[in-house]
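Welcome! Let us walk through this structure together, one part at a time.

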Amino acid sequence: MRHFVSAAGVAVLALALAACGSTSDTSTGSSGGSTAAAGGKIGVDFPRADSDFWNSYNKYVPEMAKELGVDLMPPTNSQNDIAKVVANTQALVSQGAKAIVMAPQDTGAIASTLQSLDSKKIPVVSVDTRPDTGKVYMVVRADNRAYGQKACEFLGDKLGGKGKIVELMGALSSINGRDRAEAFRECMKTKFPGITVFEEPTEWDGTKAASMLQTRLEQNPDIKGIYMHAGGVHLAPTLQVLKAKNLIVPPTDPKHIFVISNDGIPQEFAAIRDGSIDATVSQPADLYAKYALFYAKAAVEGKTFQPGPTDHDSTIIQLPNGLEDQLPAPLVTKDNVDDPALWGNQVK
């Protein structure tokens, strides 16, 4: 499948373009606003280095830049600090960046920076997180509501529709945390009203997650399910707590607590294989890096896109402030954890 083109007259050109099937080289279109002249440096700000998922993404970026022929500037790292995102972005622009790839963890506080970049005709690609306001050329992200839905259905079925679950949430200042939490909550209320969910907002902090889980297990020793919003920060502390309480046992043991996560990092796959957790939803760290750079390069070249199916098994949707390419994110269990196509099995 190819992206829908922005005008019928450029269909022939679209056929000649690589991979995603970009649209015409005009400077306006569904991505919103004009872009920089063709060719130029791409600036990337990494969001953090304290998560196994994001560390994997960080490693993929230079690999994908080489593969795509992107003129990549030395990446910066904002360390989960919105003030550093702003400062890093300003520095990249001053050093000649013609497009910016970022992953703002606080999706509300980035608006003024996006407005500033738009005024300078510098397009922005946001990875994994969708800014609440402020123009973006493209958001590269999976459907995070589907994460919550899949986790709900998995745990609801495993618990037989009754029991207690701890939900180790991300930050609700993030669209990802909100999407996962809202979808999980709605699904539980609708499909599994007999299940009690203890919502714990961890702010993507592993130490907080461990403390919250410890307290809930002490207060409710009959908890039978855990949903972790992010294995990259929640997996290790969760396993530490469960091991300390001798609760890592086979699913056939009455003491077993069913655990599902989000991310798809190699550590989660290892935990699924040895029975420490039961499932995860694989966020495509490799595709996040690949298509973030693809769209940043396309933006600099003046290409535009419209909503519709893509040639890489995703769908572009319209946002109030831009477009979003929703990449596939499969559920991983013991049945398919060894699938070589999963990026978590390709990390060296």
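**Starting at the sheet**

Strand 8 (residues 225-228) and strand 9 run parallel, joined by 3 bridges. Here strands (E, at least two residues) and helices (H or I, at least four) are DSSP runs, numbered from the N terminus, and two strands pair if DSSP finds at least two bridges between them. Across from Ile 260 in strand 9 stands Tyr 227.

This is a predicted model, in which local features need pLDDT of at least 70 and side-chain atom pairs count only at pLDDT 80 or more, while totals for chains, interfaces and linings use all residues. Residues are numbered from 1 along each chain as its sequence is written, and side-chain values use heavy atoms, leaving out hydrogens and water.

Now step back to the whole sheet: it is open, has 6 strands in the order 7-6-8-9-10-14, and its pairing is mixed. Strand 7 (195-201) and strand 14 (331-332) each have a single partner strand, so one side of each is left without a neighbour in the sheet.

Next, look at the loops. Asn 321 sits between strand 12 (315-319) and strand 13 (322-327). Is Asn 321 buried or exposed? Asn 321 is buried, its relative accessible area being 13%; buried means under 20%, exposed over 50% and partly exposed in between, with a 1.4 Å probe and protein chains only. Its side chain reaches the backbone oxygen of Gly 134 at 2.8 Å.

Asn 246, in the loop between helix 8 (231-244) and strand 9 (258-263), is exposed, with a relative accessible area of 54%.

How values were computed:
A polar contact is a pair of N or O atoms within 3.5 Å; within protein, one must be able to donate a hydrogen and the other to accept it, and residues adjacent in sequence count only if both atoms are side-chain atoms.
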